[in-house]
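Biologist: I want to know what stands behind each label on this model. Let us go through them one by one.

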Amino acid sequence: MATIEDSRGTAFEDVDMTGSRFTRVDLTGSTFRAVGLYGVVMRDVEVSGTTIDGEIASLVVNGVDVAPLVEAELDRRHPERALFRATTADGFRAAWDANERLWAETVDRARRLPEEQLHESVGEEWSFVQTLRHLAFASQSWVGRGVLGDPSPWHPLSLPWDGMEPREGVPHDRDARPTLDDALAVRLAGMALVRRALDGLTDERLDLPGPPLVGPGWPDEGRELTPQKCLRVVLNEEWWHRRYAERDLAVLESGG
C-alpha cells in the first residue's frame with residue numbers, strides 16, 4: 001500500500017477507502033461529510049473539540065457504548081422526540097401533528113431574520129431555504145411516490161441530497177434561489193401529501209407493501225414499500241433537519 005507523506009488540504013470525494021489503515025496520521029481540522037464509518041476501530045487516539053452529527057447505532061468509547069446514552073439525553077432534552085418513533089397509525093398521526101407544530105415555530109423564527117440570511121450556508125450546510133426544498137423532496141419521494149403511488153411527484157424546486165446521482169425526471173437545482181414563500185409553498189404541498197396519507201391510514205395497512213414503484217426516480221423503480229417504512233424515513237428527515245435548522249438559525253441570529 002502506498003504511503004502518502006503529506007496530503008494536507010487534500011479533498012477525497014467519491015473514494016472507496018474500505019479497509020484502509022491510518023497510522024500516525026494528523027486529521028486535525030478535517031471534515032467528514034456523508035461518510036460511512038461502519039466497523040471502524042480507533043486505537044491510541046486523541047479526541048477533543050470534535051463534533052459528530054449523524055445516525056449513530058453503536059459507538060463504543062473506552063469500553064462504553066455511548067449511543068444509548070446519547071439517545072436518552074436527546075429524549076430528555078426533547079420529550080416530543082419519542083413521538084417520532086411511532087408504531088401505530090394513531091401514533092404516526094400524533095407525530096405528524098407535533099411535527100407540524102414544531103416546524104411552524106421554526107418558520108416563525110426564521111421569518112424574523114432578513115430573507116437574504118435564509119439563503120446563507122452555515123458551516124457548509126444547506127441554507128434554511130434549501131432545507132425546506134429538501135424536506136419537500138423527501139415527502140414527495142417517500143410518501144407521494146412510495147405510499148400514494150405517484151410515479152413523478154417532484155416540483156422543479158425539490159432538492160435531493162447532494163450526493164444523489166442524476167436521475168431521469170428528478171430535479172436537482174442546488175443553486176436555485178426561490179423566495180422563502182415560494183420554497184415554503186413547495187414544502188407545505190409536500191407536507192399535505194403526508195397528511196393525506198395519514199388520514200386514511202390504519203394499523204392493518206401499516207406493514208402492507210404497496211405495488212412495485214413505476215418509472216425512474218427515487219425510491220428506485222420496482223421497490224415495494226410499506227407505509228411504515230416510508231413514514232419512518234420522512235419523520236427521521238423531519239426531526240433531524242429541524243434540529244440542524246434550529247442550530248444554524250442560532251448562528252445567524254448571533255451574527256456568526
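Biologist: What makes E124 count as exposed or buried?

Modeller: Its relative accessibility. Buried means under 20% relative accessible area, exposed over 50%, and partly exposed in between, with a 1.4 Å probe and protein chains only. E124 has 61% relative accessibility, so E124 counts as exposed.

Biologist: What should I keep in mind about the source?

Modeller: This is a predicted model, where local features need pLDDT of at least 70, side-chain atom pairs count only at pLDDT 80 or more, and totals for chains, interfaces and linings use all residues. Residues are numbered from 1 along each chain as its sequence is written, and side-chain values use heavy atoms, with hydrogens and water left out.

Biologist: Where is E124 found?

Modeller: E124 lies in the loop between α2 (89–111) and α3 (128–145). Helices (H or I, at least four residues) and strands (E, at least two) are DSSP runs, numbered from the N terminus.

Biologist: What is the phi of E124?

Modeller: Phi of E124 is near 65°, a positive value in a residue other than glycine. Most residues other than glycine have a negative phi, and most peptide bonds are trans. N62 also has a positive phi, of about 50°, and is not a glycine. N62 sits in the loop between β1 (60–61) and β2 (64–65).

Biologist: How do you know whether N62 is exposed or buried?

Modeller: The relative accessible area of N62 is 80%, so N62 is exposed.

Biologist: Which peptide bond is cis?

Modeller: The bond that joins W218 and P219 is cis, with omega about -5°. P219 is placed in the loop between α4 (180–199) and α5 (227–253).

Biologist: Why is Q228 called buried?

Modeller: Q228 has 12% relative accessibility, so Q228 counts as buried. Q228 is in helix α5. From Q228 to L157 the C-alpha distance is 26 Å in space, and they are 71 residues apart in sequence.

Biologist: How do α2 and α3 pack?

Modeller: Two packed helices are described by the angle between their axes and the distance between the axes. Axes are lines fitted to C-alpha atoms, for helices over the stretch in contact, and angles run from 0 to 180 degrees between N-to-C directions. The angle between α2 and α3 is about 150°, with their axes 12 Å apart. That makes α2 roughly antiparallel to α3. Angles under 35 degrees count as roughly parallel, over 145 as roughly antiparallel, 65 to 115 as roughly perpendicular and the rest as oblique.

Biologist: What is the handedness of the crossing of α3 and α4?

Modeller: α3 passes α4 in a left-handed crossing. A crossing is left-handed if the near helix is turned anticlockwise from the far one by less than a right angle, and right-handed if clockwise. The crossing of α2 and α3 is left-handed.

Biologist: How many cavities of 30 Å³ or more does a search of the whole structure find?

Modeller: The search finds 1. On a 1 Å grid over the protein atoms alone, a cavity is a set of points where a 1.4 Å probe fits but cannot get out, and a pocket is an open set with protein on both sides within 12 Å along at least five of seven lines; lining residues have an atom within 4 Å of a point. Grid points are joined across faces, edges and corners, and a volume is the space filled by probe spheres set on the points. The largest cavity holds about 30 Å³ of space.

Biologist: Which residues line the largest cavity?

Modeller: F92, W96, V194, L198, L231, V234 and L235. α5 gives the most to this lining, with 3 residues.
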